[in-house]
Amino acid sequence: MGSVSLKIGDGTARFKSATVCSSAVHILMLFSVITTNLFALYAFTYSPKPNHHQIHFLSHHHTHKNISLISEQVSLILREIDSSQKKLSQMEKQLLGYESLDLSTPNIPNELKLFLQRNQLPLGKDSRTGITEMVSSVGHSCYKSMDFLSSYMSYKPNGACPDDWSLGQKLILKGCEPLPRRRCFAKVIPKVGLHPFPLSLWRNVSEKIYSWSGLGCKNLACLNSKKLNRDCAGCFDLSNGNEVTRFVKSRGKNDFLIDDVLSLGSGGVRIGFDIGGGSGTFAARMAEKNVTIVTSSLNIDAPFNEFIAARGVFPLYLSLDHRFPFYDNVFDIIHVGNGLDIGGRAEKLEFLMFDIDRVIRAGGLFWLDNFLCSNDEKRKNLTRLIERFGYKKLKWVVGEKINGSGNSEVYLSAVLQKPVRA
């Protein structure tokens, strides 16, 4: 694990649209450059005109006074540059939307102060990394939710953690990610009756092994009666319904089969990443093909992570705003459905797509599965973004489906192959 600065936002800042402020920064920078150049020109060209009686005196002191004048002007220029840099730094912080967390604030719990305090390395500077101290990371937007953060960190050290996972998730959704670590014992729920792998992939277990606190539903039947999101309608039913046939039986031209997609993989498909993978059915189907899939999900209205783990596949508790905690070029396949829709902001989608591209290996597959194109402009924008990456289109299908209201909706499904780049 690498060290992360204590300053909130180091490496984790989420950018805001700030066109007016950005223009102000550019104007200030231009003004600073022009002012600096004028001062320099003045310093090196200024010479007071002496009268007749001063010529002799100035001849002795001309060099000394010019040097003093230049030194004075240079000092003035340096002070102006330093002042401008401080102003620009402050404006940059405002544009990025973060400030340093002031640990002297009275309402900050001692546990948070202890977690975030700097710790000097006992042997001084590390010769390999240049690190001189160990620091802990916390999401840059935590300071915006200080009341929630203070509540989250107010617990008895070495005791039982409060049953407040929903509070932690609320902080994550507000940009406080990663959450600070805590020195308390999480609530233990006995995992009784788990099935051995691979039977676990398609057998439900007792509902008592899940945490239902903070959720509207208290059982699987309730969850299956709801459409939790566009990719999860009845997705906790492993005996009947759509999950049983997903990825092995097509319900329309937009539904690709796993065997067909795996046959397109250059060099084979061994490991992959499912973004916003619902109840883990994609990972389960791939496990049947001896492919290991990591499934990212939050517990939005349902115990997704616990359910995925009970099936014997790998859950990752992570929001889509978090940089993927994987090294570059490691995955053979990445699968995503409507999790790619992150609020309609073009720049946020670009950041997500570049991170997806980063973790796919050259020749690896990007499977976009039934992405809802709410309008033609949205489809065109996504298409243009994908084309910028130069992926090879192995499959590309735009089709219509009738939704629950009887209206027609347009969906895009595609399998794309990452190119080899110089």
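The largest nonpolar core of this predicted model holds 38 residues, of which Tyr 210, Leu 223, Phe 236, Met 286, Ile 333 and Trp 367 touch the most other members; a nonpolar core is here a set of buried Ala, Val, Leu, Ile, Met, Phe, Trp, Tyr and Cys residues joined through side-chain atoms within 4.5 Å. Buried means under 20% relative accessible area, exposed means over 50%, and partly exposed lies in between, with a 1.4 Å probe and protein chains only. At least two residues of this core come from each of α6 (220-224), α8 (258-262), α9 (281-287), α10 (304-310) and β9 (360-373), and α9 gives the most, with five residues. Helices (H or I, at least four residues) and strands (E, at least two) are DSSP runs numbered from the N terminus. Apart from this core lies another, of 30 residues, which includes Phe 331, Ile 360, Leu 382 and Leu 416.

For the protein as a whole, residues 24 or more positions apart account for 67% of the contacts with a separation of 6 or more.

The secondary structure comes to twelve helices and eleven strands, and 40% of the 422 residues count as buried. The protein exposes about 23,700 Å², with carbon and sulfur atoms supplying 57% of that area, as computed by the Shrake-Rupley method with a 1.4 Å probe, where for residues only the protein chains shown count as cover.

Two packed helices are described by the angle between their axes and the distance between the axes. The axes of α11 (residues 346-359) and α12 (residues 376-388) come within 11 Å and cross at roughly 35°, the axes being lines fitted to C-alpha atoms, for helices over the stretch in contact, with angles from 0 to 180 degrees between N-to-C directions. The crossing is right-handed, the term for a near helix turned clockwise from the far one by less than a right angle. Leu 349, Glu 350, Met 353 and Phe 354 of α11 make the contact with Leu 382, Leu 385, Ile 386 and Arg 388 of α12. These residues divide into six nonpolar, no polar and two charged, where Ala, Val, Leu, Ile, Met, Phe, Trp, Tyr, Cys and Pro count as nonpolar, Asp, Glu, Lys and Arg as charged, and the others, Gly among them, as polar.

Helix α5 (165-173) has Leu 167, Gly 168, Gln 169, Leu 171 and Ile 172 as its buried residues, and these pack against α4 (146-152) and β7. After α5 comes Gly 175, whose phi is positive, near 95°.

Most residues other than glycine have a negative phi, and most peptide bonds are trans. Asn 329, in the loop between β7 (314-317) and β8 (331-336), has a positive phi of about 60° and counts as partly exposed at 45% relative accessibility. Asn 370, in strand β9, has a positive phi near 55°, and at 9% relative accessibility Asn 370 counts as buried.

Residues are numbered from 1 along each chain as its sequence is written, and side-chain values use heavy atoms, with hydrogens and water left out. Local features need pLDDT of at least 70 and side-chain atom pairs count only at pLDDT 80 or more, whereas totals for chains, interfaces and linings use all residues.

Note on methods: Contact = heavy atoms within 4.5 Å.
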